[in-house]
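Me: I am new to this structure and would like to go through a few of its elements. Could you show it to me?

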Amino acid sequence: MRISLTLNGRATTASEVDPNASLLDLLRDDLGQVGSKDACRQGECGSCTVLLDGRLACACLVHAAQADGRSVLTIEGLGPSEGLTDLQQALLDRGAVQCGFCTPGIVVATLHLLERTPRPTEAEVRAALSGNLCRCTGYQSIVDAVLDVAAERSDS
Amino acid sequence: MTVTTETREVGGQVGAARRHRDGVPKVAGEFAFASDLHRDGALFGATLRSSLASALIRRVDVGPALRIPGVRCALTHMDVPGRSTYGLEIPDQPVLAADRIRYQGEPVAIVAADTPALARRGVAAIAVDCEPLPALTDAEAAILPSAPPLHPDGNVLRRIEVRHGPDAWLERSDLVVVEGSYELGMQDQAFLGPEAGIAEPTPDGGVRLDVATQWLHVDRAQMASSLALPEEKVHLSLAGVGGAFGGREDLSVQIHAAMLALRTGRPIKMTYGREESFLGHVHRHPARLHYVHATDHEGRLRWVRARIVLDGGAYASSSRAVCLNAASTAVGPYRCPAARVEAIVAYTNNPPCGAMRGFGAVQTCFAYEAQMDKLAGALGLSPVELRLRNAADEQDELPTGQRFGRPAPAARLLTRLSQHPLPDMPLGSTFSGEAAAASQPGDLRRGVGWAVGFKNVGFSAGFNEHSTARVRLDADDSGLIATVHTAACEVGQGLVTVQEQIARTELPVAAVHLHTADTGVGNAGSSSASRQTWVTGGAVRDACRAVRRELVRSVCELAGCAEDDVTLDLDGARTPESTIPYAEVIGGRPVEATRVFRPPRTEALDDDGQGDAHFAFAYAAHRAVVDVDAELGIVRLVEIATTQDVGRAVNPLGVEGQIAGGIAQGIGLALMEELVLEDGQLRNGSFTDYLLPTSLDVPRIRAEVLELGHPESPYGLNGVGEPPTIASTAAIAAAVRDATGASVARVPIRPEDLVAEREHSWSP
């Protein structure tokens, strides 16, 4: 199976893709983009969260063929070429990164939240994160990092 | 999280709040976890696991797998080059099952193929001829003399009897006596990063393994035995670890991947899927505990009797040590002149149980704290008051006869905790979304619960407890550069950050490099038991001090001055004559030192269960506030407040993370997390069915960190990682009891249990 998509803004083609592959398999195994993590394959943990045509999706639940001709944004495409986004920096400052396995998915999900809802309440942040499991932090530091960024962005 | 310690910035040294050293690649998605590793030319490994919990194996035929094009190798127990079994404490677990299956998920054969999908096809093609046997899945039944033995020495994996205080003190007359039975389900570590590694043959005839683990050297020792290789030909290096919590202390892919690599001569990558991860690592021991507590009429404990039965599952893992912890902590951080404790861990046909955060102390805390609340109720005392009357001082003794020692902060933690105001959120405000729609305001009740927990830090009972660090000093125009090399595993807890802080505390360095943890340096012990900052931190400190002394001697030789005349500044060594740049002092000869750090010695328990088995204890107190819909059995957390003595917060940001994350796991055990087994068969081995706390389940945590200083540790620090998980579960259970009047004798608290008890209490 041959699949062409726009990955992080660049036209990308993969050939000989396993017909059973998910978008996550395509990203990790065929395209070598391993920033999106594989932890449950059931859309429960959010470790593989990507933007598919601007909408949040668990890459493990999307068939690779469904991504053909579409635009996919992953953790690899979200940051500036040098340095970190304000959200990534805030996660570090708040101690919201421990093992870090959930972090790429959480960065994608929360940047998406802040684009749509620039000044979320704590309840809105928690609701937006509810599809991303984190086993290390207990979430509060992640929530606080997102609220910090929202406050800083609205001040500037 | 609201934290009330002050944050200090002192040049990245011990005590400064420091961001995770690995944080930048982790937030950028560039950090390589074990499952992200790639090798050109690698084959992919897969494991055939038993679908039965108990069976005799008649024949395993890998022929059909080998006939699939692209399947390169399929191995069984006949192909294990060396010792056919492995294990942390007792080598009782087959590398690959030979004639007997003892749990569902037990590995039977391994396959290497060109792709992961082909490897799975190969596994599916292997023909196994089995005779199913009845599964022995009840720990109490398994230890009856009539039960069929699952291992040659029977099903009692360990039994500890603790006899503390004379028999005459155990009378009942004129005492307040309460009794209760308690049960805990099987919790899983549920780390997100799956078990994974890459094994490669090395030119010396050995094997190299990059793997996610907690303890490189114990992996190596077990691998070497089963591979029939000398240890120096088994090279391990730590790959990125996506959480551990005890579940990576036992082997997973290690021997299997190495066997396939040695047989095929190719690199082998193995990664577990989620269901295989649930089957492929040990779990927290389910437990049944029966307690009788007796106090005088002022509420002072006179004696405790306890019987603790832990389900160890099919193989020993670290069960013997878990049993020791359960026996040691059986009464809690309380003064009690007499105790009789029987702690048993049994072999069954359930999945093997071993290390998980809290390690035996979680189970006892749930039970003894329930008993303390029962006593408070019987005596008409508040839960806090009863605990304060019994809180142990440093001179008091555990039931094992060991003194609690300094700092023994139970009373202080509880007093501080009780001074926090209760949350002002209105009743029911946490019932949002679907729960709010279903709940009637009149059914909502608020409850407050208290618990104090404690646990030993580090390895106990005479274990050769130590860690090793090598520190090298180089210099360039920027100044001194330290390279710290240990085998201690960063599993997300922030150990690499702490090691850098210690180096910056001891040495005036411009930069600190951390060598990847590997077996090229001495044993560090496991990243478990809340021990690594203490023990490896101590080794790093001592190695830094050794290279510092060496550096000062070099300066003295160069400048012809006395050691007392030398001051080491960031920009160079200052002597009475001049400041000498470090590049000049060191020249081309880096200064290097390796040091082994040992905490105080411990001893095994004697036949009466008496002995100084532990070198330190760590404590935390928790207060849970819950709202419960008593009609629907739904529990929502309003707040968890905690006070914890951390000795000294080496990295306050890391301490906060351990506290919040540990509490989240305590919440999981209290309210939702349980591996459900029926006849030894796992019914919920997925993240869809094994429920983990989400951002909507973990409330805001109010944490107060006390730094009381431990007298025998480096920098006065104490273990931090486990105490948050110990008493948080017990506090939530207490809060639900307070809200509903239900007995809550079992965790996780299932809605149907609360509803059933309510309906039962209404029946005539």
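Me: What should the 19 residues of helix α9 of chain B span at 1.5 Å a residue?
Reply: Helix α9(B), residues 361-379, should span 27 Å, and its end C-alpha atoms are 26 Å apart, which agrees. The expected span is 1.5 Å times one less than the number of residues. Helices are DSSP runs of H or I with at least four residues, and strands are runs of E with at least two, numbered from the N terminus.

Me: Where does the numbering come from, and what kind of model is this?
Reply: Residues count from 1 along each chain as its sequence is written, while chains are lettered from A and ligands numbered from 1 in the order in which they are written. The model is predicted: local features need pLDDT of at least 70, side-chain atom pairs count only at pLDDT 80 or more, and totals for chains, interfaces and linings use all residues.

Me: How many residues of α9(B) are buried?
Reply: In α9(B), 16 of the 19 residues are buried (20 or more other C-beta atoms within 10 Å of the residue's own, with C-beta atoms placed from the backbone). Just after α9(B), Gly380(B) takes a positive phi of about 70°.

Me: Changing topic, which strand do nine bridges join to β11(B)?
Reply: That strand is β16(B), residues 287-295, which runs antiparallel to β11(B), residues 176-184. Leu184(B) stands opposite Ala287(B) there. Two bridges also join β11(B) to the parallel strand β32(B), residues 746-747, where Val747(B) is the bridge partner of Leu184(B). Strands pair if DSSP finds at least two bridges between them.

Definitions and conventions
Buried ≥ 20, exposed ≤ 12 C-beta atoms within 10 Å, placed from the backbone.
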